[in-house]
Structures are given as C-alpha cells and as structure tokens.
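Morning, everyone. One structure today, and a short tour of it. Please have a look at the screen.

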Amino acid sequence: MKLYKSLYSFLLMSSFLPLSAMAGSIVWTVGGEQGWREISATNDDGYTINFSCDAGAREGSEDHIAGRNLYVSGGKENVDFSTRDTISRKADVITLIVGPDSFNIGTLNTAPNRREWYSFWKSASATKEENMDVYIGSRRITSFSLDGISSIYKEAKNDGCLKQDDGE
C-alpha cells in the first residue's frame, strides 16, 4: 500500500512540472475589444506591461484623436504607473530602454510622445537585444523580454496603433 501511495505521489507531482516550467517564460499577448487593441506581458517578478491603443482612429480627425496608453503595474511593490492623464493624477513618464536606445513615453496626446511610441515599436521589433528595461523617472522598475515583439509589429496593420497611420 505504501508503494502505491509513493507512486501516486510521484505521478501527481510530475504532472505539475510542465506547468511550473512554463511559468518562467514571458508571453506577449494581443487582444482587443470595441476597437481597442492591447499588447501585454507579465514577467517573472509579477510586473505587467500593457500597451493599449485605439486601433484605426485617425490622428487629429475632427471627431477623434487616436488614444494610446502605456501601463506598468504589479510586482512586489504593487506599482501602478500609466501614461494616461486622469482627473485624480498626472500621467507618469515611462522610459523604455532597449540597448542603447531610450524612449520617453508620457501623455500621448502630444506629437513628440506619439513619435516616441512609434519609434519604440519600430526599434524594438528590429533590435537584437533580448530585453527592455522599464524606468519611472530615474528609477529602474523592472525588465521584460522582447521575444515575440517583432512578429507582433510585423503583423500589425498601419492603423495608427503600433505603426504610423498612413491615412489609407
């Protein structure tokens, strides 16, 4: 009887090993709802980064300005940073560093910040770097793997979300 309990325990434990091995890898996900696209990942430290954009909105049209927001949240400190202005707080400037390049992404209602957004996506998709570091002010918060960013960028449409809207 003891042998069966040991065998059962061994089989039960080994069935969980593949799940725990997968937990260490970062997977970028793309989702969307009601015209908004979200690209996000969660790292091993429990931080989540989320790029949120209004796919298909035309820059500067009379009725709409394409919305883009960058969020960083979670981790051991339960941080909550966003480039979105709200009534209760001013937007944070989030700096993404990819190798020698840095991208200061703040409130995305301005042309310089939109250029930083597009420049980040273009550079991150073409880099040979494996990770990007995330800074708030001068403080490094965490880092994320860039594995998978290139294919997300290449498959994205020129709809103003990740790539410059060409008006077509």
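Start with a charge over a ring: Lys163 lies over the face of Tyr153, at 5.0 Å from the ring centre. The criterion is NZ of Lys or CZ of Arg within 6 Å of the ring centre and within 35 degrees of the ring normal.

A word on the source. This is a predicted model, where local features need pLDDT of at least 70 and side-chain atom pairs count only at pLDDT 80 or more, while totals for chains, interfaces and linings use all residues. Residues are numbered from 1 along each chain as its sequence is written, and side-chain values use heavy atoms, with hydrogens and water left out.

Now confidence. pLDDT is the predictor's confidence in each residue, from 0 to 100. The chain averages 79, and 75% of the residues score at least 70. Helices (H or I, at least four residues) and strands (E, at least two) are DSSP runs, numbered from the N terminus. Over residues 2-24 pLDDT stays under 50, and the model has two contacts there beyond four places in sequence. Contact means heavy atoms within 4.5 Å.

On to β8, residues 131-136. Its side chains alternate. Buried is under 20% relative accessible area, exposed over 50%, partly exposed in between (1.4 Å probe, protein chains only).

Which strands flank the discussion here? Two strands pair if DSSP finds at least two bridges between them. β6 (residues 94-98) runs antiparallel to β8, with four bridges. Thr95 has Tyr135 as its bridge partner. β9 (residues 139-145) is also antiparallel to β8, with six bridges. Ile136 stands opposite Arg139. The β8-β9 hairpin has two residues between the strands, and Gly137 takes a positive phi near 65°.

Last, the aromatics. The whole structure holds seven aromatic pairs. Rings of Phe, Tyr and Trp (its six-membered ring) pair with centres within 6.5 Å; planes under 30 degrees apart are stacked, over 60 edge-to-face, the rest tilted. Phe51 and Trp121 are edge-to-face: 4.9 Å centre to centre, 70° between the planes. Phe51 sits in strand β3 (residues 47-54) and Trp121 in helix α2 (residues 111-126), 70 residues apart. Phe51 is buried, at 0% relative accessible area. Trp121 is buried too, at 0%. Phe120 and Trp121 have ring centres 5.5 Å apart and planes at 75°, so that pair is edge-to-face.
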